[in-house]
Amino acid sequence: MAERNLIILTGMSGAGKTSALKFLEDFGFFSVDNVPLTVFRDFYEILKRKEMDNLAIVVDIRAITSSKSAETFIMEIQKAKANLNDVAIKTIFLDADDEIIKFRYGKTRRAHPLMKKYSLSEAIRKEREMMRPLMDIADEVINTSNMDVKEMHLRLLNAIKKELHEIPPIRVIIESFSYVNGVPQDANLVFDVRFLPNPYYIAELSELTGKDKGIKKFLEEFKRIGEYFSAIKKVCDITIEEFSFSGRNQIKIAVGCTGGRHRSVYIAERLYNAMQNESRNVSLHHRELHED
């Protein structure tokens, strides 16, 4: 595996290059959009000097102004591959069917880069003609016509897996909450623990929180607490793993009870400690505890 990586994103306008670049940025790539051909060599010189490990750039019709300039860029790519022994260089061409591109431009109301001179249909035809040489030499061609963003990101992840030393750990946010104050709207997983015995009705426990030993001891006397915790931990692990493979960089797990001070806090704390022991990128917030 090469020590450094350069991913060149190119392709048709409206095929998803901006979204792809942001996705690569989430995976630790330094990303630059709309790179002129005149500075392309500067970027791979930066890699040669080992000033960064992973670089992703977009070179598209804004820089490729003719078939001739496409051929010039291909020569630069070939030179870079010949001269940079420890840099893996991969060209990914994003494509989409003409009618899909027209639909996307109509939906966003943005102008195609070539529409100063041509109608949209003519601009797409002209762009395809000028970008053909890059499509022909691309290491990967991804047609995004029938893909949603998640599917495109998964396809892109599969294309760059060899270039990644490791997939950065997904950020996990665990939050306890009270159903009285509403379910967190940004939660990906929600666990309702109101079936657990409620310490609120026990005088000596009422003013404590799920962080306190008295609450922990009380709840751990519930005979199925271990079984339940193992089940929700397994659901969390599967969800986190699958979200990671889809390119998502954050997931929120919410745990709720009636008041948001005892049972939900206890389970959230236990989840947090288990994930910390697994060296996950995890944070914890107790929404109803004012000291947090």
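User: How many helices and strands does the protein have?

Analyst: This is a predicted model. The protein has ten helices and nine strands.

User: What makes the protein more spread out than a compact globule?

Analyst: Its radius of gyration is 26 Å, whereas the globule rule gives 19 Å for 292 residues. The value is well over the rule, so the protein is more spread out than a compact globule. Along the principal axes, the C-alpha atoms fill a box of roughly 80 × 45 × 30 Å.

User: How much of the protein counts as buried, and how much accessible surface is there?

Analyst: Of the 292 residues, 47% count as buried. The accessible surface comes to about 15,300 Å², and 49% of this belongs to carbon and sulfur atoms.

User: Why is T91 called buried?

Analyst: Buried means under 20% relative accessible area. T91 has a relative accessible area of 1%, so T91 is buried. T91 lies in strand β4, residues 87–95. Leaving aside neighbours within four places in sequence, T91 is in contact with I8, T10, I77, A138, D139 and E140.

User: Is T239 buried or exposed, and how do you know?

Analyst: The relative accessible area of T239 is 18%, which is under 20%, so T239 is buried. T239 is found in helix α9, residues 225–245. Not counting residues up to four places away in sequence, T239 touches L189 and I251.

User: What is phi of N34?

Analyst: Phi of N34 is near 55°, a positive value in a residue other than glycine.

User: Why does S206 count as buried?

Analyst: S206 has 14% relative accessibility, and the limit is 20%, so S206 counts as buried. S206 lies in helix α7, residues 203–206. Not counting residues up to four places away in sequence, S206 touches P199, Y200 and H262.

User: How far apart are S206 and R261 in sequence and in space?

Analyst: S206 and R261 are 55 residues apart in sequence, and their C-alpha atoms are 9.4 Å apart in space. Both residues are in the lining of the second largest pocket, along with others including N198, Y201 and C257. That pocket has a volume of about 160 Å³. Its lining divides into three nonpolar, six polar and three charged residues.

User: What is the volume of the largest pocket, and which residues are closest to its centre?

Analyst: The largest pocket has a volume of about 580 Å³. Of the 22 residues that line the pocket, G14, A15, G16, K17 and R110 are the closest to its centre. The elements that give two or more residues to the lining are α1 (17–26), α4 (98–108) and α6 (149–160).

User: How does the lining of the largest pocket divide by residue type?

Analyst: The lining of the largest pocket divides into seven nonpolar, eight polar and seven charged residues.

User: What share of the contacts join residues at least 24 apart?

Analyst: Among contacts between residues at least 6 apart in sequence, 78% join residues at least 24 apart.

Key: Residues numbered from 1 in each chain as written. Predicted model: local features only at pLDDT ≥ 70, side-chain atom pairs only at ≥ 80, totals over all residues. Heavy atoms only, no water. 1 Å grid on protein atoms, 1.4 Å probe; cavity = no way out; pocket = protein on both sides within 12 Å on 5 of 7 lines; lining within 4 Å. Points joined across faces, edges and corners; volume = space filled by probe spheres on them. Helix = DSSP H or I, 4+ residues; strand = E, 2+ residues; numbered from the N terminus. Nonpolar A, V, L, I, M, F, W, Y, C, P; charged D, E, K, R; others polar. Rg over C-alpha atoms; globule rule 2.2 N^0.38 Å. Buried < 20%, exposed > 50% of the residue type's maximum accessible area, 1.4 Å probe, protein only. Contact = heavy atoms within 4.5 Å. Areas by Shrake-Rupley, 256 points an atom, 1.4 Å probe, with all protein chains shown as cover.
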